[in-house]
Amino acid sequence: MKKVNVKVAAYMMAGTMLCSSCFVGSFGLFNGYAKWQTNMTNNKFVNAIVAFVIGPIVGTVSLVVDSLLLNTIEFWSGTNPMQANIGKTQQVMGSDGRYYAVTTTKDGYEVKAPNGEMSYFTYDKKKDAWSLTQNGQTRELFRFNQDGTITTVLPDGEQLTVTPNEDGLFQVRMAVGEGRFFAMR
């Protein structure tokens, strides 16, 4: 009898910890599954039957993954990896003081300038590289190398390989020309 009481007490303690309102996160995976499940077909009865069949397995797995992994990532990084915000547009002020419309796409960003000019920043997963497309012309901006370095393509077409830290950023700035005024009086 004591073993059963200890088990029950342990389960109740675990339950109180899980239900203590200390969960931080948006539960993006579970909410995405729930939205898909309720809108899967136009027939709510078919949706309910499917929910009874796959709900206990898929719902539980998505809830556990959300609770233990994705919400932890969201807590520490500030963004949930399951919420890519694809198709959302934000107004971002450029260094020139004008606002640009930046839309998140499946593989990068679409930037619309105030004058209507479009630019596309695209990530190529196979090459592990980012490219810029403007006026129908595409050029690679930089790529991540296997050894942990980054190879950037300078405006004149030269390539520069740097480490991903402040020194590497300084080298790129100097090569592009942002640092050329430091030596001037």
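Figure 1. Tyr33 counts as buried because its relative accessibility is 13%, where buried means under 20% relative accessible area, exposed over 50% and partly exposed in between, with a 1.4 Å probe and protein chains only. The model is predicted: local features need pLDDT of at least 70, side-chain atom pairs count only at pLDDT 80 or more, and totals for chains, interfaces and linings use all residues. Residues are numbered from 1 along each chain as its sequence is written, and side-chain values use heavy atoms, with hydrogens and water left out. Tyr33 belongs to helix 2 (residues 28-38); helices (H or I, at least four residues) and strands (E, at least two) are DSSP runs, numbered from the N terminus. Leaving aside residues up to four places away in sequence, Tyr33 touches Ile54, Gly55, Val58, Gly59 and Ser62, contact being heavy atoms within 4.5 Å. Between the C-alpha atoms of Tyr33 and Val58 there are 8.1 Å, for residues 25 apart along the chain.

Figure 2. Ile57, Val58, Val61, Val64, Val65, Leu68, Leu69 and Ile73 make a nonpolar surface patch of about 680 Å². Patches consist of residues with over 30% relative accessible area and no salt bridge, like charges being joined within 9 Å and nonpolar side chains (Val, Leu, Ile, Met, Phe, Trp, Tyr) within 5 Å. Areas come from the Shrake-Rupley method with a 1.4 Å probe, and for residues only the protein chains shown count as cover. Ile73 sits in helix 3 (residues 44-77) and is partly exposed, because its relative accessibility is 35%. An α-helix has 3.6 residues a turn, so residues three or four places apart point the same way.

**Figure 3. Two salt bridges.** The search of the whole structure finds two salt bridges, each defined as a side-chain nitrogen of Lys or Arg within 4 Å of a carboxyl oxygen of Asp or Glu. One joins Arg98 to Asp96, at 3.0 Å from N to O. Arg98 is partly exposed at 37% relative accessibility, and Asp96 is partly exposed at 42%. The other joins Arg143 to Glu140, with the closest N and O atoms 2.5 Å apart. Here Arg143 is partly exposed at 26%, whereas Glu140 is buried at 18%.

Figure 4. Strand 2 (residues 99-105) and strand 3 (residues 108-112) run antiparallel and are joined by five bridges; two strands pair if DSSP finds at least two bridges between them. Ala101 is opposite Lys112 of strand 3, and the hairpin from strand 2 to strand 3 passes through two residues. Strand 3 also pairs with strand 4 (residues 118-124), in the antiparallel sense and over five bridges. In this pairing Tyr109 is opposite Phe121 of strand 4. Five residues lie between strand 3 and strand 4 in their hairpin, and Gly116 in the turn has a positive phi of about 95°.

Figure 5. Most residues other than glycine have a negative phi, and most peptide bonds are trans. Asp128, which is not a glycine, has a positive phi near 55°. Asp128 lies in the loop between strand 4 and strand 5 (129-134) and is partly exposed, with a relative accessible area of 27%. Asn135 has a positive phi of about 50° and is likewise not a glycine. Asn135 lies in the loop between strand 5 and strand 6 (137-144) and counts as exposed because its relative accessibility is 68%.

**Figure 6. Surroundings of Thr152.** Thr152 is part of strand 7 (residues 150-153) and is buried, at 12% relative accessibility. A polar atom of the Thr152 side chain lies 3.2 Å from the backbone oxygen of Leu141. Residues up to four places away in sequence not being counted, Thr152 touches Leu141, Phe142, Glu158, Gln159, Leu160 and Val172.

**Figure 7. The two ends of helix 4.** At the start of helix 4 (residues 166-176), a side-chain oxygen of Asn165 comes within 3.1 Å of the backbone nitrogen of Asp167. After helix 4 comes Gly177, with a positive phi near 120°.

Terms used: A polar contact is a pair of N or O atoms within 3.5 Å; within protein, one must be able to donate a hydrogen and the other to accept it, and residues adjacent in sequence count only if both atoms are side-chain atoms.
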